[in-house]
Amino acid sequence: MTLRSPSFLDLETLLSQAEYHDIDVPVAQDIVEMTVSKRSGGGKAGLGALALSGSAGSDYQFQSTYSLAPREKATVSKVIDGLIREKAVNVNPAGDAALSKDALVEIEGTARITAVSVMSKVFFVFRRLMLDRDINDLSELANLDVADPDVAQAIQRVYLHNELLPLPMLLEVTGSSLPHKAYVNVRPDFFINEASADRLEGDLRVLGSVYRLIPDGDFLVTDEWLLHGWEFLMRRIMMTQIQDDLQEVTQQLSRLGLDVPDDDVHAYISGPAIVIDAIALY
């Protein structure tokens, strides 16, 4: 057992799992309250001392990060060790493991951000510009171009200045013990310190609960990541014609020097695959 240093941690969910499985947690309520109070101040985006602050309550504010003190790291590590010791967590499940929805799993592999999460930032920017310009017609999306100074500036803030947005990310984890594709849903607001996309890629372990099991021959539409924040029915309308839009967005991103692989996740995830809701990344 080792002391873990998470880059992402949903502490409240972790402690709820510990309580459910009768894992002893020292002063659990104090830990939750302290962490929530740290997160409530909001996040920051910008360069150096020049930064903007805000909580993640709306599209115009930023996702927040919070700090985890050394003693809290020890508590988190002990809770995870306890869950594993009580066999509440299926560690590195093999191909014949019987997984079910909401089951706790820990997998290890190499993570990368999928194209759908790269592109979700573009659609977030477009939605923000539509609101700013009071545009109500979806067809006007086609008229938003990176040559537009407002669009170019907004995309630069996101991709070059690392603006933290209140968007969930979809990671793909390769090299795990699972025989099929494994994806991880990483929600905003639970990053430790300044960790964000720069610490989401590479070798890591994922502790989480099974969100979706996608059988062979089936698929999962990715609108909850790609069009996060858009109204549900509008998302459904847009997803019926999204493939052409994604190709156009891919071309526009290429002009900015951002390479999006053609075989990556775009409009849907094909089975067999598993999607895990992240509780901790370390």
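Rings of Phe, Tyr and Trp, the last taken by its six-membered ring, count as a pair if their centres lie within 6.5 Å; planes under 30 degrees apart are stacked, over 60 edge-to-face, and the rest tilted. On that basis, a search of the whole structure gives four aromatic pairs.

A word on the source. This is a predicted model, where local features need pLDDT of at least 70 and side-chain atom pairs count only at pLDDT 80 or more, while totals for chains, interfaces and linings use all residues. Residues are numbered from 1 along each chain as its sequence is written, and side-chain values use heavy atoms, without hydrogens and water.

Take F8 and F190. Their rings are edge-to-face, 6.0 Å centre to centre with 75 degrees between the planes. F8 is in strand β1 (residues 8-9) and F190 in the loop between β8 (181-186) and β9 (191-192), so the pair ties together parts 182 residues apart in sequence. Strands here are DSSP runs of E, at least two residues, and helices runs of H or I, at least four, numbered from the N terminus. Both F8 and F190 are buried, where buried means under 20% relative accessible area, exposed over 50% and partly exposed in between, with a 1.4 Å probe and protein chains only. Ring pairs also link F8, F190 and F191 into a cluster.

Next, helix α1, residues 11-20. Its buried residues are L11, L14, L15, Q17 and A18. They cover an arc of only 155 degrees around the axis, so they sit on the same side of α1; the arc is taken from the directions from the helix axis to the C-beta atoms. The face turned away from that buried side carries exposed E19 and Y20.
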